Amino acid sequence: MIRVSVDAAPIELGVEVAALEARGAGGVATFTGVVRTDDGVEALELEHYPGMTEAALCALAEAAIDRWHLLGVTIVHRVGKMVAGERIVFVGTAAAHRREALEACAYLIDRLKTDAPFWKREWLADGTRWVEPRGTDAEAASHWL
Amino acid sequence: MAITMLYFAWVRERIGTGEERVAPPEAVRNVADLIDWLSQQSDGHAAAFAEPARLRAAIDQTFVPLDALLGSAREVAIFPPVTGG
């Protein structure tokens with residue numbers, strides 16, 4: 001079962017984890033991305049490509065289910081403006097055993113960084129700047145090919 | 001052939017719009033050709049497309065390299081490398 005959501009509303013961690021646990025799997029692994037407070041960044045703004053984003057996330061979820069025989073995948077990505085400490089992204093996987101759940105969770109967040117059309121903009125005290133991709137993200141994603 | 005163009009992030013900001021309809025000439029065969037042709041449409045387009053190496057593209061909501069043929073594309077998006085997660 002796949003749940004993909006791209007929304008401006010805050011991510012409800014307890015609700016998302018409980019839904020994965022209810023899948024009846026032996027293990028649930030999760031990753032939560034949170035807005036950092038470094039470099040004088042006051043807020044982060046996420047832009048995306050409506051339609052393509054949801055399709056790209058569903059395709060990643062389906063690939064993970066095929067590879068690790070998951071019982072559940074949840075990908076929730078927030079868009080719009082959020083302040084330091086708020087959740088940006090949640091990835092959760094439910095599987096019969098821990099290894100499948102943990103590996104699939106790592107795969108999903110690594111691939112999401114390079115395969116889904118989101119763009120981050122940082123809000124600073126004196127203006128905004130678009131975030132440049134990091135080479136290490138592409139390396140992490142290619143590790144799973 | 002009319003194509004809906006979509007722009008995101010700083011590409012959208014430099015062009016001044018997130019969406020427009022364009023009708024490129026026959027000689028425009030692939031995404032790189034389209035970027036070249038669009039660059040001549042306004043100063044904003046020229047600024048957004050000045051460094052093709054910093055651009056990425058999607059045809060009908062699928063990521064493609066810049067040398068991908070347009071074929072019967074209905075929607076082409078041009079944007080910077082993605083930075084989600």
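The exercises below concern a predicted model with chains A and B.

**Exercise 1. The sheet of chain A**

Task: State which strands form the open sheet of four strands in chain A, and in what order. Then find which strands stand at the edges.

Solution: 
- Step 1. The open sheet runs β1-β4-β6-β2 in chain A, and its pairing is mixed.
- Step 2. β1 (2-7) and β2 (27-34) of chain A each have a single partner strand, so each stands at an edge with one side lacking a neighbour in the sheet.
- Step 3. From one strand to the next, the twist averages 5°.
- Step 4. Inside this order, β4 (residues 72-78) and β6 (residues 87-95) of chain A are paired antiparallel through six bridges. Ile75(A) has Val91(A) in β6(A) as its bridge partner.

**Exercise 2. Helices on the sheet**

Task: Determine which strands of chain A are touched by helix α1 of chain A, and which α2(A) lies across.

Solution: 
- Step 1. Helix α1 (residues 13-21) of chain A packs on the sheet and touches β1, β2, β4 and β6 of chain A. The direction of α1 makes about 15° with that of β6(A).
- Step 2. α2(A) lies across β1, β4 and β6 of chain A, and runs at about 155° to β1(A).

**Exercise 3. A pair of helices**

Task: Decide how α3(A) and α4(A) are oriented to each other, and list the residues that meet.

Solution: 
- Step 1. Helix α3 (residues 98-115) and helix α4 (residues 135-142) of chain A pack at about 125°, their axes being 8 Å apart.
- Step 2. The crossing of α3(A) past α4(A) is left-handed.
- Step 3. From α3(A) come Asp110(A), Arg111(A), Lys113(A), Thr114(A) and Asp115(A); from α4(A) come Asp137(A), Ala138(A), Ala140(A) and Ala141(A). By class, this contact holds three nonpolar, one polar and five charged residues.

**Exercise 4. Where the chains touch**

Task: Find which element of chain A gives the most to the side that touches chain B.

Solution: 
- Step 1. The contact involves 20 residues of chain A and 13 residues of chain B.
- Step 2. At least two residues each come from α2 (52-68), α3 and β7 (118-124) of chain A.
- Step 3. α3(A) gives the most, with four residues.
- Step 4. That side of chain A has 13 nonpolar, four polar and three charged residues.

Technical notes. Residues numbered from 1 in each chain as written. Chains lettered and ligands numbered in written order. Predicted model: local features only at pLDDT ≥ 70, side-chain atom pairs only at ≥ 80, totals over all residues. Axes fitted to C-alpha atoms, helices over the stretch in contact; angles between N-to-C directions. Parallel < 35°, antiparallel > 145°, perpendicular 65-115°, else oblique. Left-handed = near helix turned anticlockwise from the far one by under 90°. Contact = placed C-beta atoms within 7 Å. Nonpolar A, V, L, I, M, F, W, Y, C, P; charged D, E, K, R; others polar. Pairing = 2+ DSSP bridges.
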